[in-house]
Amino acid sequence: MIDVTGFTKKYGKDLAVQDFTARVAPGEIVGFLGPNGAGKSTLLKAIATWITPTSGTIRVDGNDVVDAPLAVRRVLGYLPEHNPLYEGMNVRAFLEFAGRMRGLDRARLAERLDWCVRACSLEDVLRKRVHQCSKGFRQRIGLAASLIHDPRAILLDEPTHGLDPVQVAAFRDFLQELREGRSILFSSHVLAEVEAICDRVLVIHRGRLVRDARIADLRDEARDAGTTLEKLVLSFVRSTPHEVTA
Amino acid sequence: MSRSLVVARRELGATFDSAVAYVQIAGFGVLANALFVNEFFLAGRLDLDAYFRVLPLLLAVFLPAASMRLWAEERKHRTVEFLLTLPIRSGTAVLGKFLASLALLGVLLATALPLVVMLVVLGDPDLARVASGFVGAFLGGAFLLALGGLCSALTRDQVVAFVLATVASLFLVLTGREEVVGVLDGLAPDLGVGTFLLERVSILPHLERFAAGRPGLDGVLYFVLGSAVLLWATGRFLDDDRD
């Protein structure tokens, strides 16, 4: 569903991401792990068609992000890291705007709006303006807007940022409900979160993919090495490996 | 087009959600009408010439204030990333915001409605000429809004967008005034910069022809094609300037 092949992004002379290759299949939740500035957001922005690759290809549902960006956006739900929302709108109007811009007709919009409000527990703030909502609610509003069109691929950039522990736990359950038939890629720098939610993890460091492995396999590896999962993952980002492990 | 209307509707909601829009409309209406009425009673003629004489300068200041937030605010709050990762082309969003700003322009010009009513009550004005003046003002205003939209896309700061658009708009208006043309021509008589700007660049001669009831195709083309080029440039800039 999401295919990234040899993706490289340069900003002037600065290399943000280099030769990144990965795939997220339907029904799979993949965690994208790395320290701040590692290139996680750059890759997600490129998949979301916000920025164009310097080289390499990215396909979503078979559509190339450069050649067919509109087709990609139709099947994609994207929650950027900074969660941009129209502050002055009321929550319902904002979600309706997102749905209309996605081409939902009146009946479908009503149906999806109802689903999103229930799924993201937004009943209490539906009539409030966005700027009146707490950080946790704002995060859920952004999530609801990214899901309003029932996307087949979902990109979430630090989605649990600002959520309290109860909300994080609810979010984990919610992602598991969402996973059927959908490819979900979410970035985080919190290993415990990725471990709890994901089937597989992509570890990125200094713009390069340093590990692509199933969580279960990493646990086994850590056990065999007599260390913890956290220390094992830290070892990936402390060194600068030259080989990409698929 | 339908998505552009969705964008326009949201934009209009945001515009009229703020007191700034009402202050702009009231300020524009009071200023334009007061300046007209003053000259109207002195001249004693049953037309809106005095209104259309002062209008270009007012539009050159008030329209940048209306267009400054169009993209600068989206860029500042990063909602542009949300908007332009929706399944629409940049041009669709640019057109939507332009349509919303046109609606505001319509409201600004509608503040002159009492003047038209007053003329009709007082006598038998040349309504075709009045209508021509308003069509010119609308087209010229649309052009300035498209220019203001481009200036707004160039920066995240609304004040910078306002200053850029005001300077550019005043340039397009003032280069049509005789005294400015004279000064510019006097600086370099061989080049004839002032005359060149008057004949080829300034919007004022076109607006004056509309106000005189003699709209020309060149004026319509100038404003329509000029607006289209500026809207296209805004879309291109938004496509190219992403981080």
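Predicted model: local features only at pLDDT ≥ 70, side-chain atom pairs only at ≥ 80, totals over all residues.
**A strand and a helix pair in chain A**

Let me begin with strand β7(A), which pairs with strand β8 (residues 183-188) of chain A in the parallel sense over five bridges, where pairing asks that DSSP find at least two bridges between two strands. Residues are numbered from 1 along each chain as its sequence is written, and chains are lettered from A and ligands numbered from 1 in the order in which they are written.

Within that pairing, Leu155(A) stands opposite Leu185(A) in β8(A). Strand β6 (residues 76-79) of chain A is also joined to β7(A), in parallel and by four bridges, with Gly77(A) having Ile154(A) as its bridge partner. Strand β7 covers residues 153-157, and five of its five residues are buried, that is, 20 or more other C-beta atoms, placed from the backbone, lie within 10 Å of their own.

Turning to the helices, the axes of α3 (residues 91-101) and α5 (residues 135-147), both of chain A, come within 8 Å and cross at roughly 25°; α3(A) and α5(A) are therefore roughly parallel to each other, a term for angles under 35 degrees. Where they meet, Val91(A), Phe94(A), Leu95(A) and Ala98(A) in α3(A) face Ile141(A), Ala144(A) and Ala145(A) in α5(A), contact being C-beta atoms, placed from the backbone, within 7 Å.

Key. Axes fitted to C-alpha atoms, helices over the stretch in contact; angles between N-to-C directions. Helix = DSSP H or I, 4+ residues; strand = E, 2+ residues; numbered from the N terminus. Parallel < 35°, antiparallel > 145°, perpendicular 65-115°, else oblique. Contact = placed C-beta atoms within 7 Å. Buried ≥ 20, exposed ≤ 12 C-beta atoms within 10 Å, placed from the backbone.
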